[in-house]
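Have the structure open and follow along.

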Amino acid sequence: MPETIAEILSLSALFLSGLFAYRRMGRFFRIVYAQGLVWIAFYLLLFFLGRYCSEDGQPFQNQRLLNIHMLLECSLLMWASLSRLKALWQKSLVPALFLIFLCIYLLQGITGGFGSYLNYADVSECIALTLLYSMVLYNLLHQRRQHPGETLPGLLLCSGLLLYFAGSVPYIALLHYMEKYSPGYNALLFDAISNGLAFIRYTLCALAFWQLRRSPLTLKT
């Protein structure tokens, strides 16, 4: 219950702060905000299905929906990174990393079934986005004179994404092993790592949008 309240608070803050700051967002922030809205829609759908669509007393199996969300999340966040990566080799890295993710996504889905959570595809997404948003953060800090009003919001947003994706890798890699051999510890780790990092991620994103709201209107890029 406490983790549910924390999730609702962070996602509500994300939605409202992004709504008020939308006119001051460039392309980068708008795409990241769109990804947050996609997760809010999936979160509400998963909550509704889990509450009202259980069969024979068994909890609703949400892995298929989570796999679909993973694909949308990776696509949107990689697209957002393109608007902040300047060097040609950095821009070329985005489709290459997405292709690697997509190959792992399809391979694990075909061999293991899309009804099971594609944890190795998730690990590849986390590693790819950690690499891309490290470069985004580096570019942002070194080009802060060009976008002075976006430095602090960008720092908060990238920090939230990096903490979430980099911090999730060890747990997600061992997810199915933990589910099979230590389901009790797995539930604790899920709350502490996945839910905890998600709360930090979306709270920092909400703070980023709130700070952006206080900056003057700039040309959308």
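## H1 against H8

Start with helix H1 (residues 2-21) and helix H8 (residues 183-213), whose axes lie 8 Å apart and pack at an angle of about 20°. This is a predicted model, by the way. Angles under 35 degrees count as roughly parallel, so H1 and H8 are roughly parallel to each other. Look at how they pass and you'll find that H1 crosses H8 in a left-handed sense.

Which residues in H1 meet H8? On the H1 side they are Glu3, Ala6, Glu7, Ser10, Leu11, Ala13, Leu14, Ser17, Gly18, Phe20 and Ala21. Their partners in H8 are Asp191, Asn195, Phe199, Tyr202, Thr203, Cys205, Ala206, Phe209, Trp210 and Arg213. Sorted by class, this contact of H1 with H8 has 12 nonpolar, 5 polar and 4 charged residues.

## H8 itself

Now follow H8 along its length. With 31 residues at 1.5 Å a residue, H8 should span 45 Å, and its end C-alpha atoms are 43 Å apart, which agrees.

## H8 against H6

H8 also has H6 as a partner. Their axes come within 7 Å and cross at roughly 170°, and anything over 145 counts as roughly antiparallel. H6 and H8 are therefore roughly antiparallel to each other. The contact of H6 with H8 has 21 nonpolar, 7 polar and 1 charged residues.

Helix H6 covers residues 151-173, 23 residues in total. From its first C-alpha to its last, H6 reaches 33 Å, close to the 33 Å expected at 1.5 Å a residue.

## H5 against H6

One more pairing to check: helix H5 (residues 119-142) and H6 have axes that come within 8 Å and cross at roughly 155°. That makes H5 roughly antiparallel to H6. The crossing of H5 and H6 is left-handed. As for who's in the contact of H5 with H6, the residues divide into 19 nonpolar, 6 polar and 2 charged.

Methods: Residues are numbered from 1 along each chain as its sequence is written. This is a predicted model: local features need pLDDT of at least 70, side-chain atom pairs count only at pLDDT 80 or more; totals for chains, interfaces and linings use all residues. Side-chain values use heavy atoms; hydrogens and water are left out. Helices (H or I, at least four residues) and strands (E, at least two) are DSSP runs, numbered from the N terminus. The expected span of a helix is 1.5 Å times one less than its number of residues. Axes are lines fitted to C-alpha atoms, for helices over the stretch in contact, and angles run from 0 to 180 degrees between N-to-C directions. Angles under 35 degrees count as roughly parallel, over 145 as roughly antiparallel, 65 to 115 as roughly perpendicular and the rest as oblique. A crossing is left-handed if the near helix is turned anticlockwise from the far one by less than a right angle, and right-handed if clockwise. Contact means heavy atoms within 4.5 Å. Ala, Val, Leu, Ile, Met, Phe, Trp, Tyr, Cys and Pro count as nonpolar, Asp, Glu, Lys and Arg as charged, and the others, Gly among them, as polar.
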